[in-house]
Amino acid sequence: MSKNKLNGKVVVITGASSGIGEAMAREYAAMGAKVVLGARQADKLEALCNEIKSNGGQAAWAATDVTKQEDCKRLIDTAIEAFGGIDVMICNAGISMRALFDDLDLSVLHRLMDVNFWGTVYCTKYALPYLQQSKGSLVGISSVAGIHGLPGRTGYSASKFAMTGFLETIRVENLKKGLHVMVACPGFTASNVRFSALTADGSQQGSTPREEGKMMTATEVAHIVARGIAKRKRLCLMEIEGRATHFVKKFAPGLVDKLFYYVMSKEPDSPFK
Ligand code: NDP
């Protein structure tokens, strides 16, 4: 079903140089979408674009640091110049962190907000008129950490909650304009996100504290998000972690506190016990 829905659509994806964004680019192009890719690593975007084109797909790219308004504008301009409109804007670019708030240099929290929250705001700002025109979809890739506060990830959870508040308001403001707004909440997904996650002093973690092989794959997430867009869902939950967190939180939020504490304290080198 998602194949037909994305066929011929112009889909802008931030954070398309790695992980979930890269998988969405490849998968949606294979479904017939015209994909427009943004991220900072231009060489990776160019290579992915060439790969998509050599497989018969359509793609364009623009080097984009989502913390810079002018870069986000250029990404949207690239989509318009290449394909004449935008049907789906996926705000996926994101970074994570891992440290106890007690030890955290506040610059890390600012950085998380700059990429995850402000990056979403800037891309939405420039894409919105085109999405209103197409009655298209605005998608934010949040996280289970955007449903309930994840210990050791204050900046990450805060930025994802902020994204949700922002996107929800955009949805309500556009209620009569036919805009679809979806918040997608993947659980742990194998990618680079834990390697690039910032530690207390802002340096990159460089390793993962979890077993990446046991996680969902980025391709699986891409397919679930595509189905969510096709069904014009408001919230796209994935595996048991997301569904259980969303459901149990309504009735027993204290239980979710305890579960999150327990699960995350078991990570090797957890910043709390
Ligand atoms: P990756 O680290 O593999 O990919 C992150 C992407 O974001 C890269 O393409 C990176 O590109 C881009 N990015 C980072 N900073 C910037 C920036 N300043 N400007 C533009 N792009 C940037 O991680 P994932 O694929 O896992 O993450 C994608 C999204 O999914 C994130 O929002 C993340 O929070 C979310 N998520 C991930 C989960 C997981 O377990 N993997 C779980 C739940 C949600 P570049 O470095 O080239 O700029």
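Which backbone lies 3.3 Å from an oxygen atom of the ligand? The legends below answer this for a predicted model.

View 1. A backbone N or O atom of Val193 sits 3.3 Å from a ligand oxygen atom. Asn92 also uses its backbone: a polar atom there is 2.7 Å from an oxygen atom of the ligand. Arg40 uses its side chain, with an N or O atom 2.7 Å from a ligand oxygen atom. On its own the ligand has 880 Å² of accessible area, and the protein covers 96% of that.

**View 2. The shell around the ligand.** The ligand is surrounded by 31 residues. Ser18, Arg40, Asn92, Tyr156 and Ser191 are the closest. Helix H2 (19–30), H5 and H6 each give two or more residues to this shell. By type, the shell holds twelve nonpolar, 14 polar and five charged residues.

**View 3. The largest nonpolar core.** This core has 46 residues. Val12, Met89, Met97 and Leu138 touch the most other members. Elements supplying at least two residues each include strand S1 (10–14), helix H4 (69–83), strand S4 (88–91), helix H5 (106–134) and helix H6 (154–173). H5 provides the largest share, nine residues.

**View 4. Close-up of Val12.** Which residues does Val12 contact, leaving aside neighbours within four places in sequence? They are Val36, Leu75, Ile76, Ala79, Ile86, Val88, Met89 and Ile90.

Definitions and conventions. Residues are numbered from 1 along each chain as its sequence is written. This is a predicted model: local features need pLDDT of at least 70, side-chain atom pairs count only at pLDDT 80 or more; totals for chains, interfaces and linings use all residues. Side-chain values use heavy atoms; hydrogens and water are left out. A nonpolar core is a set of buried Ala, Val, Leu, Ile, Met, Phe, Trp, Tyr and Cys residues joined through side-chain atoms within 4.5 Å. Buried means under 20% relative accessible area, exposed over 50%, partly exposed in between (1.4 Å probe, protein chains only). Helices (H or I, at least four residues) and strands (E, at least two) are DSSP runs, numbered from the N terminus. Contact means heavy atoms within 4.5 Å. A residue is near a molecule or strand if one of its heavy atoms lies within 4 Å of it. A polar contact is a pair of N or O atoms within 3.5 Å; within protein, one must be able to donate a hydrogen and the other to accept it, and residues adjacent in sequence count only if both atoms are side-chain atoms. Accessible areas come from the Shrake-Rupley method with a 1.4 Å probe; for residues, only the protein chains shown count as cover. Ala, Val, Leu, Ile, Met, Phe, Trp, Tyr, Cys and Pro count as nonpolar, Asp, Glu, Lys and Arg as charged, and the others, Gly among them, as polar.
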